[in-house]
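Work through the exercises below with the sequence and the model at hand. Each task is followed by a solution in steps.

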Amino acid sequence: MEDFVTIEIAKKLKEKGFDYPCMGHYIDNNLHIAHYINAFHNDKDVSIDAPTILQVLKWLREKYIDIAVYPIFIYEPNLNRIYETEIHTPQLNKSVKLGYYRTWEEAITEGIYYAITKLKL
């Protein structure tokens, strides 16, 4: 489901100390969505929290890391637009452009992955 981070990102977030209560959890590499927050929160041995993309973006903003995704319109047949991703943080003293992606979800996922693997959290 596009609203939740991938299992690879969920594992990295766990390593980095992400601790927001989540409705999504990965159990045996499959995403499960609870009917209420914390349904699996005490079962850390069998599940990995699967936050929404918005939860992760808020968590990163609290650490002064902003991810910006900009649409770029291209007027060619079968290609309506692409998305550019940038990371903004005082750690870098500049903006870092990560690249161009076909969907917003790809663009934001790459930004999150870069932030949690390349930046100090």
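Tyr64 is exposed, with a relative accessible area of 60%; exposed means over 50% relative accessible area, buried under 20%, and partly exposed in between (1.4 Å probe, protein chains only). The model is a predicted one, in which local features need pLDDT of at least 70 and side-chain atom pairs count only at pLDDT 80 or more, while totals for chains, interfaces and linings use all residues. Residues are numbered from 1 along each chain as its sequence is written, and side-chain values use heavy atoms, with hydrogens and water left out.

**Exercise 1.** Locate Tyr64 and give its phi.

Step 1. Tyr64 sits in the loop between helix 2 and strand 4 (66–76). Helices (H or I, at least four residues) and strands (E, at least two) are DSSP runs, numbered from the N terminus.

Step 2. Phi of Tyr64 is near 65 degrees, a positive value in a residue other than glycine.

## The chain as a whole

**Exercise 2.** Describe the order of helices and strands, then the burial and the contacts of the chain.

Step 1. There are three helices and six strands in the chain.

Step 2. Along the sequence they follow the pattern α-β-β-β-α-β-β-β-α.

Step 3. Of the 121 residues, 40% count as buried.

Step 4. Take contacts in the chain between residues at least 6 apart in sequence: 46% of these join residues at least 24 apart. Contact here means heavy atoms within 4.5 Å.

**Exercise 3.** How do helix 2 and helix 3 cross, and which residues make the contact?

Step 1. Two packed helices are described by the angle between their axes and the distance between the axes. Axes are lines fitted to C-alpha atoms, for helices over the stretch in contact, and angles run from 0 to 180 degrees between N-to-C directions.

Step 2. The axes of helix 2 (residues 53–62) and helix 3 (residues 104–118) come within 11 Å and cross at roughly 40 degrees. Helix 2 is therefore oblique to helix 3. The classes are roughly parallel for angles under 35 degrees, roughly antiparallel over 145, roughly perpendicular from 65 to 115, and oblique for the rest.

Step 3. The crossing is left-handed; that is, the near helix is turned anticlockwise from the far one by less than a right angle, whereas clockwise would be right-handed.

Step 4. Helix 2 contributes Ile53, Val56, Leu57, Trp59 and Leu60, and helix 3 contributes Trp104, Ile108, Ile112, Ala115 and Ile116.

Step 5. By class, these residues are 10 nonpolar, no polar and no charged. Ala, Val, Leu, Ile, Met, Phe, Trp, Tyr, Cys and Pro count as nonpolar, Asp, Glu, Lys and Arg as charged, and the others, Gly among them, as polar.

Step 6. For burial in helix 2, Ile53, Gln55, Val56, Leu57, Trp59 and Leu60 are buried.

**Exercise 4.** Repeat the analysis for helix 1 and helix 3.

Step 1. The two helices pack at an angle of about 30 degrees, with their axes 10 Å apart. Helix 1 is therefore roughly parallel to helix 3.

Step 2. Helix 1 passes helix 3 in a left-handed crossing.

Step 3. Ile9, Lys12, Leu13 and Lys16 of helix 1 meet Thr109, Ile112, Tyr113, Ile116 and Thr117 of helix 3.

Step 4. The contact of helix 1 with helix 3 has five nonpolar, two polar and two charged residues.
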